[in-house]
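Here is a short briefing to read alongside the structure below. It starts with the overall picture, then moves to one residue and to model confidence.

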Amino acid sequence: MDLREFMDMKKLQKIQDDFSNATGLAAIAVGKDGEYLTEGSNFTEFCMKYTRGSTEGNRRCIKCDNECKGTYFCHAGLMDFSVDIIVNGERMGAVIGGQVLPNEPDEEKFRQTAKELGIEPDSYIQALRKVPVSTEKKIRASAELLGVIVNQLVNLEFFKYNNAGKLDSVKDNIKQSGELVQTINEKTGYLKGIAKKQTILSLNATIEAARSGEAGVGFAVVAKSMQDLSNQSAGIYNDIEKSVEQITQLINSMTSLFDE
């Protein structure tokens, strides 16, 4: 899987740009095959134009890119970093960068490096003087923080991508459940109406049985049984209505979560 299949690269670019602006460190995201996924942020001429622009410098830079992990000193004397982007235990790419000095540079040492790389020393030193200077502690902490933020963002986007269909299905099922509960509520209302009619009929039957004297004794027993059954039914319907109301509240609460 490619990061670009589920990741909004604009979000990643913004975090990368904000990080570079805040820390002075250069940064760029690369895929698992090494292809660039974002535009470079805060890249220096010292690294890109001069060091990587020379044949020998580029060879050494590629060697560092392939072999170095975490936060490290590059062959040219600057500090760089490489933080893996991990999704479900799989390496999906990395955020690489740095291009900063951990202390004020020894210019004579860098002049010697320029000669080794076949670069005009004065131009190399002029570019060196534009490189941000920080402390090793801050550089390492900044790189670690960027790794945490990027990995959290990427994994959140992957979760949303991977579960979008499931969440839609849950939402549909909740909606259908709400409709079924509404149907139950309506049917219960009809049954309560029938129970009330049964109560009225049993009362009428009791009155008629009383008028009939001894001949209506058996009929009175039946009428009382109807009355008891009607009262029990009414109690059950009330309990159902309360349960339906609670279920409706729960469904509404779950539905509101999807609307936030």
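**Briefing on the predicted model**

In this predicted model, 63% of the contacts in the protein chain with a separation of 6 or more are between residues 24 or more positions apart. The protein chain is built from seven helices and four strands, and its mean pLDDT is 82.

**Fold and surface**

- Along the sequence, the elements of the protein chain come in the pattern α-β-α-α-β-β-β-α-α-α-α.
- The protein chain has 260 residues, and 34% of them are buried.
- About 15700 Å² of the protein chain is accessible surface, with carbon and sulfur atoms contributing 55% of that area.

**A look at L156**

- L156 sits in helix 6, which spans residues 136–211.
- Its relative accessible area is 45%, so L156 counts as partly exposed, a class that lies between the 20% and 50% cut-offs.
- L156 and M7 are 149 residues apart along the chain, yet their C-alpha atoms are separated by 9.3 Å.

**Confidence**

- In the protein chain, 66% of the residues have a pLDDT of 70 or more.
- Which element has the lowest mean pLDDT, and which the highest? Helix 7 (residues 217–259) has the lowest, at 63, while helix 5 (residues 121–128) has the highest, at 96.

Conventions: Residues numbered from 1 in each chain as written. Predicted model: local features only at pLDDT ≥ 70, side-chain atom pairs only at ≥ 80, totals over all residues. Heavy atoms only, no water. Helix = DSSP H or I, 4+ residues; strand = E, 2+ residues; numbered from the N terminus. Buried < 20%, exposed > 50% of the residue type's maximum accessible area, 1.4 Å probe, protein only. Contact = heavy atoms within 4.5 Å. Areas by Shrake-Rupley, 256 points an atom, 1.4 Å probe, with all protein chains shown as cover. pLDDT = per-residue confidence, 0-100.
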